[in-house]
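Open the model in your viewer and keep the selection tool at hand. Each stop below names something to select and says what is there.

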Amino acid sequence: MRIRKKENMASKNTFSQFFSRDKTFRPKKRFEPGTMKFNLHKQANASLNSGIDLKEVVKLPPGEDMNDWIAVHVVDFFNRINLLYGTVCEYCTEQTCPTMSGGPKYEYHWCDGQTYKKPTALPAPNYIALLMEWVEAQINDENIFPVKVGVPFPKTFLPTVKKVLSRLFRVFVHVYIHHFDKMVALGAEAHVNTCYKHFYYFVTEYNLVDKKELEPLRDMTAKICH
């Protein structure tokens, strides 16, 4: 996939267009029109595309349910990170990325408690494929992410969300450290940075990712997330 360079890449129009593309690493998760979560999804995207302060965008709108707000964002982040990785996945191979790493100090091993019962070193594309498949299974499970009005969120919801977001963050780590040059060449730098800032402000606003997980991108975060 190639993204044409355009002036003012951070504008709301190009940002919206970039994240409405259908070329993704895995199929996009969509909300059913007319549902409460679809309306929240549209509200969140409208705020994001309006160009207002991202720190303000992540705050819970008055009268909305916290769990619904978090659930909608988890799905949106899955779709966006899915798309970001989809733009560089052809460059992320078992040969170029034999480990799922974030530079020399950080390496991630996969464990899902089923096929991989112990943390296992895998090439980055294999790790990310399993990660995205696992995340998709979580957000499609209505026992964890209920979609019907009146169905309560389970006690496992927030712990699952924290695990999902921590794992999705690792895709940011790998893309930024090992493939950011490709993002720049494709003209997607501003989009990646905006997506990351939105993700970072959201997870820190609601304490959804442990600080030690955020450590690999600490220096970059300090520069772009003021």
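Start at helix α7. Select His 191, Val 192, Asn 193, Thr 194, Cys 195, Tyr 196, His 198, Phe 199, Tyr 201, Phe 202 and Val 203: these α7 residues are buried. Buried means under 20% relative accessible area, with exposed over 50% and partly exposed in between (1.4 Å probe, protein chains only). Helices (H or I, at least four residues) and strands (E, at least two) are DSSP runs, numbered from the N terminus.

A word on the source: this is a predicted model, where local features need pLDDT of at least 70, side-chain atom pairs count only at pLDDT 80 or more, and totals for chains, interfaces and linings use all residues. Residues are numbered from 1 along each chain as its sequence is written, and side-chain values use heavy atoms, leaving out hydrogens and water.

Now take the whole of α7, residues 189-205. Its 17 residues reach 24 Å from first C-alpha to last, close to the 24 Å expected at 1.5 Å a residue. That expected span is 1.5 Å times one less than the number of residues. Just after α7, stop at Asn 207, which takes a positive phi of about 55 degrees.

Next, select Phe 172. Not counting residues up to four places away in sequence, Phe 172 touches Ile 81, Leu 84, Val 192, Cys 195, Tyr 196, Phe 199 and Leu 217. A contact means heavy atoms within 4.5 Å.

Widen the view to the largest nonpolar core, which has 59 residues. Such a core is a set of buried Ala, Val, Leu, Ile, Met, Phe, Trp, Tyr and Cys residues joined through side-chain atoms within 4.5 Å. Leu 165, Leu 168, Phe 172 and Phe 199 have the most contacts inside the core. Helices α3 (54-57), α4, α5, α6 and α7 each supply at least two of its residues. The largest share, 13 residues, comes from α6.

Stay in α6 and pick Arg 167. Arg 167 is buried yet has no salt bridge; Asp 112, the nearest side chain of opposite charge, is 7.1 Å away. (A salt bridge is a side-chain nitrogen of Lys or Arg within 4 Å of a carboxyl oxygen of Asp or Glu.) The side chain of Arg 167 reaches the backbone oxygen of Cys 111 at 2.6 Å.

Move to α5, residues 124-140. Its buried residues include Tyr 127, Leu 131 and Trp 134. Among what covers the buried residues of α5 are α4 (66-88) and α6 (157-185).

Finally, zoom out. The chain has nine helices and zero strands. Buried residues make up 49% of its 226 residues.

Note on methods
Lys and Arg count as positive and Asp and Glu as negative; His and the chain ends are not counted. A polar contact is a pair of N or O atoms within 3.5 Å; within protein, one must be able to donate a hydrogen and the other to accept it, and residues adjacent in sequence count only if both atoms are side-chain atoms.
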